[in-house]
Amino acid sequence: MNDLEKHSFYSFLGIYLVSSLFFVLLSSFWYYSSLKSSLESETYYKLTHLADTISGRIINAQMKGISLELPSEEGYGYMLVPIHEKKAYKLGYYEKNGYKVLVSASPQEHLNIAYVVVKTQHYFKELKKLKSDVATRAGLVFVAIFLISFILAKLFMKPVHKRIEQIEEFIQDVSHELNTPITALKMSASRAIKKEVYDKKILTNISISTKQLETIYNSLTYLNFSDKQEKSTDVGLDEIVKRVVKYYWELSDAKGIKVEVEIQRASLNIIESRAELLISNLLSNAIKYSMPESTIHISLKEGLFIIKDEGVGIAKDKLDAIFELYSRDSQIAGGFGVGLSIVKQICDTYKIKVEVSSVLGEGSEFRLLF
């Protein structure tokens with residue numbers, strides 16, 4: 001991963017872990033508080049029950065004149081406070097010296113006993129155990145969340161990493177694509193200046209290079225400003241096709257490629273610049289991947305546009321991927337993988353169906369149904 005990817009990865013992981021830790025701690029606190037309250041209530045009712053049981057036996061012993069037999073409860077201690085000592089004790093339920101204490105007046109001074117004092121350390125032992133249990137569970141949950149967040153961060157970064165690689169390749173390809181016509185322009189201009197005579201070949205090279213630059217510019221402009229609001233109108237596709245074929249004549253002629261055109265009148269409700277870009281990308285792509293001295297066939301009639309080349313062709317298993325942004329099926333020709341993606345975007349926008357058939361080594365055919 002590069003620095004940007006690492007920053008994104010650790011930022012995502014950090015935010016996820018911090019937020020998860022907050023919710024784990026909040027949930028643990030709520031769980032602990034709930035169980036602590038339950039334990040508190042359980043201890044209180046247990047002490048109250050024991051005090052009432054002892055008081056009941058005290059009252060029963062006096063009423064029936066029998067000997068007093070007191071119960072024993074493991075983990076719980078108690079004592080009987082005679083009337084003359086009752087001022088030393090405070091009625092109620094409270095903590096004292098590491099014990100939960102309940103002082104009850106339920107004996108009602110039978111057998112001269114004013115209070116029953118019941119105490120236990122059971123509450124604090126259980127509370128300590130509860131703290132340990134909650135901390136352990138919270139720790140295990142956080143470890144699980146950490147592993148899940150790490151996996152999620154990796155999955156999150158996977159498409160980002162792929163996109164960054166595509167962008168880096170795109171920048172390299174654009175640089176390469178721009179370098180070729182710019183170099184040709186510089187050389188042609190330099191030759192023209194030295195010769196002081198502007199022959200047809202030099203001017204043709206300048207024209208071809210300029211059109212290559214314009215094609216790149218139009219594609220990049222569409223990618224960056226395709227959401228610009230423009231109004232669709234009914235345009236004559238036959239005139240646009242003628243204009244585009246004429247525009248690319250020098251490029252096709254330079255490779256010895258013949259463009260055969262069979263056109264009937266056809267119209268489509270579309271932004272004119274989009275229609276021109278659509279046909280332009282299909283034709284420039286056909287020229288780019290056609291073999292020298294081959295033929296490109298173009299036909300247009302109402303509702304159907306077909307362009308067929310005799311180029312390198314496309315493998316069947318790669319036909320679905322050719323419209324993806326930055327995707328390039330062949331490294332034989334230049335390009336940076338945006339032409340067919342733009343074609344698909346425009347077709348989707350204007351409900352134009354695209355069909356492709358291709359044979360490796362024989363060529364490809366694109367059909368637009370509108």
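This is a predicted model: local features need pLDDT of at least 70, side-chain atom pairs count only at pLDDT 80 or more; totals for chains, interfaces and linings use all residues.
Local features were considered at pLDDT of at least 70 and side-chain atom pairs only at pLDDT 80 or more, while totals for chains, interfaces and linings use all residues. Residues are numbered from 1 along each chain as its sequence is written, and side-chain values rest on heavy atoms, with hydrogens and water left out.

Helices (H or I, at least four residues) and strands (E, at least two) are DSSP runs, numbered from the N terminus. Strand β4 spans residues 113–120, and seven of its eight residues are buried, where buried means under 20% relative accessible area, exposed over 50%, and partly exposed in between (1.4 Å probe, protein chains only). Two strands are taken to pair if DSSP finds at least two bridges between them. Strand β1 (residues 76–82) runs antiparallel to β4 and is joined to it by seven bridges; Tyr-76 has Thr-120 as its bridge partner in β4. Strand β3 (residues 99–104) is also antiparallel to β4, with five bridges, and here Leu-102 is partnered by Val-118.

Turning to the helices, α4 (residues 237–247) has Leu-237, Asp-238, Ile-240, Val-241, Val-244 and Val-245 buried. Seen down the axis of α4, these buried residues fall within an arc of 160 degrees, and therefore line one face of the helix; the arc is that of the directions from the helix axis to the C-beta atoms. Helix α6 (residues 272–289) has 18 residues and reaches 26 Å from its first C-alpha to its last, close to the expected 26 Å, the expected span being 1.5 Å times one less than the number of residues. Because 14 of its 18 residues are buried, α6 is largely enclosed by the rest of the structure.

Side chains of opposite charge can pair when their charged atoms come close. With a salt bridge defined as a side-chain nitrogen of Lys or Arg within 4 Å of a carboxyl oxygen of Asp or Glu, the count comes to 14. In one of them, Glu-40 meets Lys-100, with the closest N and O atoms 2.8 Å apart. Glu-40 lies in helix α1 (residues 3–64) and Lys-100 in strand β3, so the pair ties together parts that are 60 residues apart in sequence. Glu-40 is partly exposed at 22% relative accessibility, whereas Lys-100 is buried at 4%. Another salt bridge joins Glu-73 and Lys-46, with 3.1 Å between the closest N and O atoms. Glu-73 lies in the loop between α1 and β1 and Lys-46 in helix α1, so this pair ties together parts 27 residues apart in sequence. Arg-243 and Glu-272 also form a salt bridge (3.0 Å, N to O), linking helix α4 to helix α6 across 29 residues. Arg-243 is partly exposed at 36% relative accessibility, as is Glu-272 at 39%.
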